[in-house]
Amino acid sequence: MSKQIGLGVLCAVLMSGTAFAQSAPKVEVLHWLTAGAESAAIKVLADGVTARGGEWVDVATPGGGSDARALLATGLAGGNPAGVSFLGMGTETAELAAQGVMRDIGGYAREKGYLDSVPDYALAMGTDGTDDAAIYALPVAFETQNFMWYSKPVYAAAGLTPPTTWDEFLAQAPKLREAGFIPLAMGAQAWQINLLFNAIVLGEGAPYYDRLFVTHDETATTAPELVDAFRILRELSKLTDDGAPNRSWNDTLNLVAEGRAALQVMGSWAGAELGNMGKVYDTDWGCALSPGSPIVMVGATGFQFPKLNTPDGEAGQDIFIDTMMDPVVQTAFSVQKGSIPARTDADISGLSACSQLAAEAVRDGKGAPYTTGVLGSEVRGLLTDYLNNFWANGSITPEDGAAEYGRILSANS
Amino acid sequence: MTTVQLNKLSRYYGTYHALRDVSLSVQSGEFIVLLGPSGCGKSTLLSAIAGLDDLQGGQVLLDNQDVTKQEPSRRNIGMVFQSYALYPTMTARQNLSFGLEVARTPKAEINQRVEWAAQVLQLTPLLNRKPGQLSGGQRQRVAIGRALVRKSNLFLFDEPLSNLDAKLRTEMRVEIKALHERLGATFIYVTHDQIEAMTLASKIAVMRSGVIEQFGPPEELYDRPASLFVADFLGSPSMNQLAGTLRVEDGRVFVEHAGGRSEVTGYPFAAPPKDGLEVVLGLRPEQLSIGEGGGAGRLTVRLLLIEPLGADSLAWCEVGGQRMSVRVPPALARSLSGELPVSFAPATVSLFDKTIGHRL
Amino acid sequence: MTRHLTPARIGIYAFLIISAAFFLIPFFVIVTTSLKTVDEIRGGSIFELPQALDFSAWTKAWGTACIGRDCAGISPGFFNSVKIMVLSTGISLFVAALNGFALAQWRVPHDGKILAMLLLGAFLPYQVMLYPLVRMFSIAGINQSLAGVVLVHVLFGLPILILIFRNFYISLPAELIKAARVDGAGFFQTFFRIVLPMSVNVIIVAAILSVTGVWNDYLLGLIFAGRENLPMTVALAGLVGTQIGVPEYNVNMAATLITALPPLLLYLASGRYFVRGVTAGAVKG
Amino acid sequence: MSIVSLRPHRVAQLVLVPTILLTVIGVYGSMLWTLQISFTSSGLLPTGKFIGLEQYFKLFEQDRWHVSYRNMFVLGGIYMFTCLAFGLLLAIAMDQGVRAKNVLQTIFLYPIALSFIVTGLAWRWVLNPTTGLEYFVQGLGFSGFKFNLLNNPELAIFTLVIAAVWHGSGLMMAIIFAGLQSVDSELWRASRVDGIPKFTMYRRVILPMLLPVFLTCIVLLAMGVVKSYDLVVAMTGGGPGYSTDLPAKFVVDHLFDRANIGRASAAAVLMLLTVIALLVLSSVATRLRKHSQSDQGAKPEQGNKS
């Protein structure tokens, strides 16, 4: 399937090959999509930009988002930021837009008709939160965080079926251990713990997730569901292997791929990575929504556009926008990255089974936003720190954990 | 030919006064030794002449030119340091020629001067060695050579021999003296060794706490020290000091002191002597003789021990709790014992005001 | 002082040998892992020797491994790193030696306070200074340039280097400098003709510390060097971060080793002088 | 021409001017700027509103900050002590006239040529229970062997100590060894005449003589502690939890990842204040010590002639 799309891109390259002017507008793209599958997805965008007569300048920060933000911030401070920057959409976009350093690309995108088929809530994540007409960031794809990636051989060997609730998984764990497997593949880094916990909260029911994170219902911060979520998190913290601390997500995924661990909760990008590892879907691994999750947790992966003072800066940004909003490119991008195209009119038939599952849920409106989209960076940081500490310190009871978590949440929102 | 004129030089570091209005006048071709204990300011004075140290007051005149604010290199001086201060990464030849190179002297002349200096100091076979490959005495020669090649008329030596062993020191002392005579230049030489000072100097300046106590030819300083300090510092063993009281009786002058009463009427008093003045009688060991034939001065001492020095011997005696030395011929020394009468000629000894330490 | 093998001496040797093993373990792990195949790494322990000497991970890390979209290994950043390192170290050492000499042997009012002021800056994580520096550099017009990254390395490297040179020069006899003055040499002539030739050992100490710091830097290069001058460490981080399929630890380790090689070789080549330089007073109170 | 006629002291002072200017503007200017930012609500860009000491209050509410700050002293203390003690033992052992001194010195010192990133990576492998030492020893048949520091929040900090000591004790060895070598050999001969045991000699005579050397070591080590960001990131990432977090990492995390440079700046200012306080304390202490006892001139002369 992906070959067809690649062919399409190739055709586009050939057709526009004559458009190579002597001074192709430069598009500097700042991103940290360097893991195998991610970099293949970036390549789709890069090829698209080249095909449209732009000159792609890759500004990758392999160290992750931290270095990218450092580069963006210092770039803005120095007056020469990269023209396009990859960033989690939502509160961060709004913060930067409010500083007046970002270009409003709403007019251009509307004129080209790029916004018509993008869901409103995704567009809202690209605004500064006050003015819906001004758009500072555009989504290229949706990511899903609450996937469960499991090893088929492990479950076959243990004589079990993948769990549908956390309690079912907790019951399976001793048998998995007995059979010589690691029940939960986990990289104990703060953001991965946070991701796992959010999936658990979603497992407590979509309405509860909504009350806790989206509508900021005070009663939710003291609800029994929160204690239950912490109980599950505490139990899960005992089900991983000794190598967990500070392990990267892809090293961790390798445990599932190699049939040493039963399952890992990780975002949609993990599916593409499993494919990249040469493992076959439905033979080596399978996927499902994380236990108990009724719906998908959706975040927009997008790009934003700092104001530039170079002559061909905006031309370059426009080329990039043309590329990223092309439904063919979006599909190709998502095939590589394991995500879902942001445009609802893009072809999803080429996507993996797991991605299609998520895409259908999104189109049916069964999506919950990432916490990055609804919580401020300050409170998110505090919550992440707290979860990280809770995970590592077995002496904290779920009750205490829930109480403190609730306190931080209600005190800062 | 160079004259040196120092006018009221003053230098202090914080509250410590290294030089207090020091003035000094040096004639061309003289060999001046600055002598004093460590910390007396003699090295600071030399640095001031060289221009290596800033002054808070005063003037340095070389050949009647005010050079107070001039860099050392423009004063046309040669200087030899205590630690030799040879450039360790350069050969002896490079050490000698460096200053000339800096001054952009033509190559041919540099070579000629280096050869000359090397010949004078018998360094020729050593020119291609580095300081690390030279012995102490050889390094000393190179250091002197470095001063020599500058063909200056003023040479400054900062305790140049103190890092050498005793035998070498004596040899180098003779060489430096010979060098002075050969060059006819003005030498200023800092040392704390009074023998070096006595043997080398045409004039000695004895310094103490940042002032010059006395300036004059060595014999004058030795025979007629201007103060107790100078008296004590020059001579080995040092001058015997006997406290006493001055008595003036009918135009005759006496000193009452432990072990006796001596008439000093013949002493060349600078001012009329006052009756009852507390004085110190300064007696060189060789000014004393055993027996009563030495002169009008008289005292009785008790012999402690005899120290044979070869050419003569020292008789260490005691009087009124004061230790005294008397220079005697070895033959006589062997026969001495017990209480001894000692005499001296009043005209040759020194008398000091006890309270201010100045010569009477 | 005959050297019989008394129990005490056996104890000393045992202690030294065990310590040496402790120091060599990580190096052993990095080197052997870089020579193993991926299968060997997965199957065996990190303390096992490789079955065969296989340098393919090295060639791959150098020239063909993929970093993001580019598959040219870590070699492209190498010459940028060399440029940055040579310029930064050269300028730092030169300035630090001059400054250390000035502080140690010449009358500089408040020299102790100046030294303390320079050193205090070395106690802060430089990350908090990134913003202000970027602003200043862009005003000066050297943001995102070779000059920028070199200047920032010099700025952060100078304090400790000045301290090292000062401590060495303070042990030089003052009379040497005076002799040069009598010889007519000025500040610079004294420095270049007399002091610098004596500084070989201390220069090696300072050079090793400086090269290590500059060569291993990642963040300053990323932010200040500009896209054309990105150093090798950025490529290394990219290589380790770009994991297509099964993590290739052998390639990662080879890349790590290649990246660490220049300072390591410099050290191995001149390590004896390093100890001598330390002994000569480069690092003391 | 006018430069030539300047007195060399003046030239020496002029030579320092660029460095001082560069430092005052670059480093101190940046510090002041950081101080100013710490009073604002700045997020990803330093343009926030003035909010007084709010960032500092919030900082003190963060348990993670307290842990980080405490760790700086715990890690710093243990690390500095271990590094010094190990370096000292190595130096004393090397001072006994052992063979292969050059080879051993090279082995002990090579880590300083490696970055903290490489150090951290290598040690993480060795100390990781599923790949390193534990796995290896278990493979030898000791299935009960446990060496699992990385997983224990109480002990994880010791993994940092191991790696940091590995990196730094060689330099300490070299510095102390240089000090030991500079001890006058007549002192040793005198001690043998007096029949003083070697151990007593080291404890009572030699080590007190090397006090200034130890002070240098401590300054060098302290500089490393304050900035030991790379090592933590490469080894533990601050974990488990934030049990091995350090102020430098706290600052950097908040600076960009958390897009909260107001908070990061406040934390940096506190770090700087701590350093200044320690420096003032130590200089007061040395001054008091100098006052109370006469200067015994125990300065080791480390001559380079030999």
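A disulfide is a pair of cysteine sulfur atoms within 2.5 Å. Under that cut-off, this predicted model holds one disulfide over all chains. The bond joins Cys287(A) and Cys354(A), with the sulfur atoms 1.5 Å apart. That separation falls within the cut-off, so the pair counts as a disulfide. The torsion about the S-S bond is -110°, which makes the link of Cys287(A) and Cys354(A) left-handed. The two cysteines come from distant parts of the chain, 67 residues apart. Cys287(A) sits in strand β8 (residues 285-289) of chain A, whereas Cys354(A) sits in helix α16 of chain A.

Chain A is divided into two domains, each built from two segments. Domain 1 covers 25-143 + 299-357, and domain 2 covers 147-297 + 371-412. Taken over C-alpha atoms, the centres of domain 1 and domain 2 of chain A are separated by 28 Å. The contact draws 17 residues from domain 1 of chain A and 20 residues from domain 2 of chain A. Together the two domains of chain A bury about 1,300 Å², and carbon and sulfur atoms account for 59% of that area. No salt bridge is counted between domain 1 and domain 2 of chain A. One residue pair, with both members at pLDDT 80 or more, is in polar contact between these domains. On the domain 1 side, the elements that give two or more residues are α2 (36-51), α4 (91-98), α15 (327-337) and α16 (353-363) of chain A. Helix α16 of chain A is also the element that carries Cys354(A). By class, this side of domain 1 has six nonpolar, seven polar and four charged residues.

Attention now turns to the contacts between chains. The size of an interface is often given as the accessible area lost when the parts come together. Five pairs of chains touch, and the most contacts are between chains C and D. Chain A and chain B are not joined by any contact; their closest C-alpha atoms lie 48 Å apart.

The interface of chain A and chain D brings 27 residues of chain A into contact with 31 residues of chain D. About 2,400 Å² is buried between these chains, with 50% given by carbon and sulfur atoms. Within chain A, the residues that lose the most area to chain D are Asp242(A), Asn246(A) and Asp385(A), together 24% of what that side buries. Three salt bridges cross the interface of chain A and chain D. Asp385(A) takes part in a salt bridge with Arg258(D), at 2.9 Å from N to O. Eight residue pairs, both members at pLDDT 80 or more, are in polar contact across the interface of chain A and chain D. On the side of chain A, two or more residues are given by each of α3 (65-78), α4 and α18 (377-392). Helix α18(A) gives the most, with nine residues. The residues on this side of chain A divide into nine nonpolar, 11 polar and seven charged.

The interface of chain D and chain C takes 92 residues from chain D and 82 residues from chain C. The buried area is about 8,100 Å², of which carbon and sulfur atoms give 79%. In chain D, His9(D), Tyr110(D) and Trp125(D) lose the most area to chain C, together 9% of what that side buries. Salt bridges between chain D and chain C number zero. Polar contacts between chain D and chain C come to 10 residue pairs, both members at pLDDT 80 or more. Helix α2 (residues 8-37) of chain D supplies the largest share of the side that touches chain C, 21 residues. By class, this side of chain D has 67 nonpolar, 21 polar and four charged residues.

Terms used. Residues are numbered from 1 along each chain as its sequence is written. Chains are lettered from A and ligands numbered from 1 in the order in which they are written. This is a predicted model: local features need pLDDT of at least 70, side-chain atom pairs count only at pLDDT 80 or more; totals for chains, interfaces and linings use all residues. Side-chain values use heavy atoms; hydrogens and water are left out. Domain bounds come from an automatic or database domain assignment. Contact means heavy atoms within 4.5 Å. Buried area is the accessible area (1.4 Å probe) that two parts lose on being put together, summed over both. A salt bridge is a side-chain nitrogen of Lys or Arg within 4 Å of a carboxyl oxygen of Asp or Glu. A polar contact is a pair of N or O atoms within 3.5 Å; within protein, one must be able to donate a hydrogen and the other to accept it, and residues adjacent in sequence count only if both atoms are side-chain atoms. Helices (H or I, at least four residues) and strands (E, at least two) are DSSP runs, numbered from the N terminus. Ala, Val, Leu, Ile, Met, Phe, Trp, Tyr, Cys and Pro count as nonpolar, Asp, Glu, Lys and Arg as charged, and the others, Gly among them, as polar.
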